[in-house]
Amino acid sequence: MIEFIIPGDPVPQGRPRAGRAGRRIVMYDPKESREYKRYVSLIARQHAPKTLLEGPLSVRMKIYRQIPKSTTKKDRALIFEGKKRPITKPDTDNYTKSVLDALNGIIYKDDSQVTDLYASKYYSDDPRVEIKVQEIDIFGKVAE
């Protein structure tokens, strides 16, 4: 199992942008998404296995967003009790896309290997993304 934390505000995958390169139209990531992926890659390299994982994988992600400054004391109490969670945009899947893309070629060969994905979104005064990557055995069970 590979486990690590990406400190700081999580950044969702932005919509691809189009630009011209001569006569061709090229698609590219928005600057913020590109920089976040680079940051995640740097942290992931510190936890990379000697050889890239190649089989089916289970990935668990806990995404902790910064508590908004406008949050009332009542709502803040609900957050700390675990009764109030972010149901606003950005979507959970957009956060997972940026992280999974950043781990390509560092933890595993390609994010298409991820067959089980569990992602949860929370509020916290300590924004971060907690990641667990585990191989799945031939019986479909998470390898220990």
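## The hairpin of strands 2 and 3

In this predicted model, strand 2 and strand 3 form a hairpin with two residues between them. Strand 2 covers residues 17–21, and five bridges join it to strand 3 in an antiparallel arrangement. Within this pairing, R20 stands opposite I25 of strand 3.

Strand 3 spans residues 24–28 and has five residues, of which zero are buried, so the strand lies largely in the open. For the protein as a whole, 35% of the 144 residues count as buried.

## Overall architecture

The protein has three helices and six strands. Read from the N terminus, the order of the elements is β-β-β-α-β-α-α-β-β. Taken along the principal axes, the C-alpha atoms fill a box of roughly 50 × 50 × 25 Å.

K73 and G55 are 18 residues apart along the chain, and their C-alpha atoms are separated by 47 Å. K73 is placed in helix 2 (residues 73–80) and counts as exposed, at 77% relative accessibility. P10 and A77 are 67 residues apart in sequence, with a C-alpha to C-alpha distance of 23 Å. P10 belongs to the loop between strand 1 and strand 2 and is buried, with a relative accessible area of 10%.

## Strand pairing around strand 6

Strand 6 (residues 128–135) pairs with strand 1 (residues 2–7) in the antiparallel sense, over six bridges. In this pairing, I2 has V133 of strand 6 as its bridge partner.

Strand 6 is also joined to strand 4, by eight bridges, and these two strands run antiparallel. Here the bridge partner of L57 is E135 in strand 6. As a general point, side chains in a regular strand alternate between the two faces of the sheet.

## Aromatic pairs

The structure holds two aromatic pairs. Y36 and Y39 form a tilted pair, with 6.3 Å from centre to centre and 45° between the planes. These two residues are three residues apart in helix 1 (residues 31–45), and therefore about one helical turn separates them. Y36 counts as buried, at 6% relative accessibility, whereas Y39 counts as partly exposed, at 32%.

Y64 and Y122 form a stacked pair, 5.1 Å centre to centre, with 20° between the planes. Because Y64 lies in strand 4 (residues 57–66) and Y122 in strand 5 (residues 114–124), the pair ties together parts that are 58 residues apart in sequence. Y64 counts as buried, at 13% relative accessibility. Y122 has a relative accessible area of 21% and is partly exposed; this assignment follows because the class of buried residues requires a value under 20%.

## Charges over tyrosine rings

The charged end of R60 sits over the ring of Y118, and the distance to the ring centre is 4.3 Å.

The largest pocket holds about 180 Å³ of space. Its lining consists of P12, Q13, G14, R15, P16, K89, P90, D91, N94 and K97. By class, three of the lining residues are nonpolar, three are polar and four are charged.

Two of the lining residues, K89 and P90, are joined by a cis peptide bond, with omega at about 5°. P90 is found in the loop between helix 2 and helix 3, the latter spanning 92–103.

Notes
Residues numbered from 1 in each chain as written. Predicted model: local features only at pLDDT ≥ 70, side-chain atom pairs only at ≥ 80, totals over all residues. Heavy atoms only, no water. Phe/Tyr/Trp six-rings, centres within 6.5 Å; stacked < 30°, edge-to-face > 60°. Helix = DSSP H or I, 4+ residues; strand = E, 2+ residues; numbered from the N terminus. Buried < 20%, exposed > 50% of the residue type's maximum accessible area, 1.4 Å probe, protein only. Lys NZ or Arg CZ within 6 Å of the ring centre and 35° of its normal. Pairing = 2+ DSSP bridges. 1 Å grid on protein atoms, 1.4 Å probe; cavity = no way out; pocket = protein on both sides within 12 Å on 5 of 7 lines; lining within 4 Å. Points joined across faces, edges and corners; volume = space filled by probe spheres on them. Nonpolar A, V, L, I, M, F, W, Y, C, P; charged D, E, K, R; others polar.
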